[in-house]
Every structure is written in structure tokens, then in C-alpha cells.
Amino acid sequence: MLERDIERYLVAEVRKRGGEAYKFTSPAMRGVADRLVVMPGVVWFVELKTPTGELTPLQERFRDRMLQLEQRHIVLRSKEEVDRWLRCL
């Protein structure tokens, strides 16, 4: 499965649940998460990867900084992981 397939699935499932999954890009800062998921009362930075995909060093730094700032960050690697994560929100 391709990363874009997981991303499309995430966007559709978040919208079904009343949220938004904004495409998050920052020209001045590489490594930011793929999506900014906004659900009622909570915001998550979501990085999408294939099951074998690895975070780049810049993505790792972004993740670590978000966690340091006490922000929610997750890496999702399949449609099943998307489903499990959304059930917990």
C-alpha cells in the first residue's frame, strides 16, 4: 500500500467523524508532519508512512520538538492503524 492511499483514507475517516485533516506544509521548515488533524477539542500532528517507511532525521526532530512542547504527534503506517487511532479519540 502506498503512503498516499493511507493519507486519503485518513482524510476520509477523519471527515466522517466530524473533523478536519489539513495538509500541513511549511516552506521554511522541512520535516513537519503530513497532516494536522483537528477533532473536537483536540489537535494532532500526523505523519503517514508505509509499513516499512522510516522517519527522516528532520521528521524525527520535528516529532521530538512537538513532544517536547507537549503536543500530540503520531506516526500511522496503515489503514488499520488509522482505524485504531481514531477509535481512541
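Mentor: Two strands pair if DSSP finds at least two bridges between them; strands (E, at least two residues) and helices (H or I, at least four) are themselves DSSP runs, numbered from the N terminus. The model is predicted, so local features need pLDDT of at least 70 and side-chain atom pairs pLDDT 80 or more, while totals for chains, interfaces and linings use all residues. Residues are numbered from 1 along each chain as its sequence is written, and side-chain values use heavy atoms, leaving out hydrogens and water.

Trainee: What makes β2 and β3 a hairpin?

Mentor: Two residues lie between β2 and β3. The two strands run antiparallel and are joined by five bridges, and because at least two bridges are required, they count as paired. M39, for instance, has V42 of β3 as its bridge partner. In the turn, G41 has a positive phi of about 80 degrees.

Trainee: Which elements does the chain contain, and in what order do they run?

Mentor: The chain has three helices and four strands. Read from the N terminus, the order is α-β-β-β-α-β-α.

Trainee: How are the four strands arranged in the sheet?

Mentor: They form an open sheet in the order β1-β2-β3-β4, with mixed pairing. Neighbouring strands are turned by 30 degrees against each other on average, direction ignored; the axes behind such angles are lines fitted to C-alpha atoms, for helices over the stretch in contact, and angles between N-to-C directions run from 0 to 180 degrees.

Trainee: Why is the pairing of this sheet called mixed?

Mentor: Strands of a sheet pair through backbone hydrogen bonds, in either the parallel or the antiparallel sense. Here β1 and β2 run antiparallel and are joined by four bridges, with E20 standing opposite V38 in β2. By contrast, β3 (residues 42–48) pairs with β4 in the parallel sense over five bridges, and W44 stands opposite R72 in β4.

Trainee: Why do β1 and β4 count as edges?

Mentor: β1 (20–23) and β4 (72–76) each have a single partner strand, so one side of each is left without a neighbour in the sheet.

Trainee: Which helices are in contact with the sheet strands?

Mentor: Contact means heavy atoms within 4.5 Å. Helix α1 (residues 3–16) lies across β1, β2 (35–39), β3 and β4, and runs at about 20 degrees to β2. Helix α2 (residues 57–68) packs on the sheet and touches β3 and β4, its direction making about 145 degrees with that of β4.

Trainee: Why is β2 described as largely enclosed?

Mentor: Four of the five residues of β2 are buried, so the rest of the structure largely encloses this strand. Buried means under 20% relative accessible area, exposed over 50%, and partly exposed in between (1.4 Å probe, protein chains only).

Trainee: Is R35 buried or exposed, and how do you know?

Mentor: R35, in strand β2, has 14% relative accessibility and therefore counts as buried. Its contacts, leaving out residues up to four places away in sequence, include E7, L10, Y22, W44 and F45.

Trainee: What joins the side chains of R35 and E7?

Mentor: A polar contact of 2.8 Å joins them. The term covers a pair of N or O atoms within 3.5 Å; within protein, one must be able to donate a hydrogen and the other to accept it, and residues adjacent in sequence count only if both atoms are side-chain atoms.

Trainee: Is M66 buried or exposed?

Mentor: M66, in helix α2, has a relative accessible area of 10% and is therefore buried. Beyond four places in sequence, M66 touches F45, Q71 and H73. The C-alpha atoms of M66 and W44, 22 residues apart along the chain, are separated by 9.9 Å.

Trainee: Why is E3 placed in its accessibility class?

Mentor: E3 lies in helix α1. At 27% relative accessibility, E3 counts as partly exposed. Setting aside neighbours within four places in sequence, E3 is in contact with D34, L48, K49 and T50.

Trainee: How do you know whether the chain agrees with a compact globule?

Mentor: With 89 residues, a compact globule would have a radius of gyration near 12 Å, and the chain has 12 Å, so the two agree. The radius is taken over C-alpha atoms, and the globule rule is 2.2 Å times the number of residues to the power 0.38. The C-alpha trace spans about 30 × 30 × 25 Å along its principal axes, and 39% of the 89 residues count as buried.
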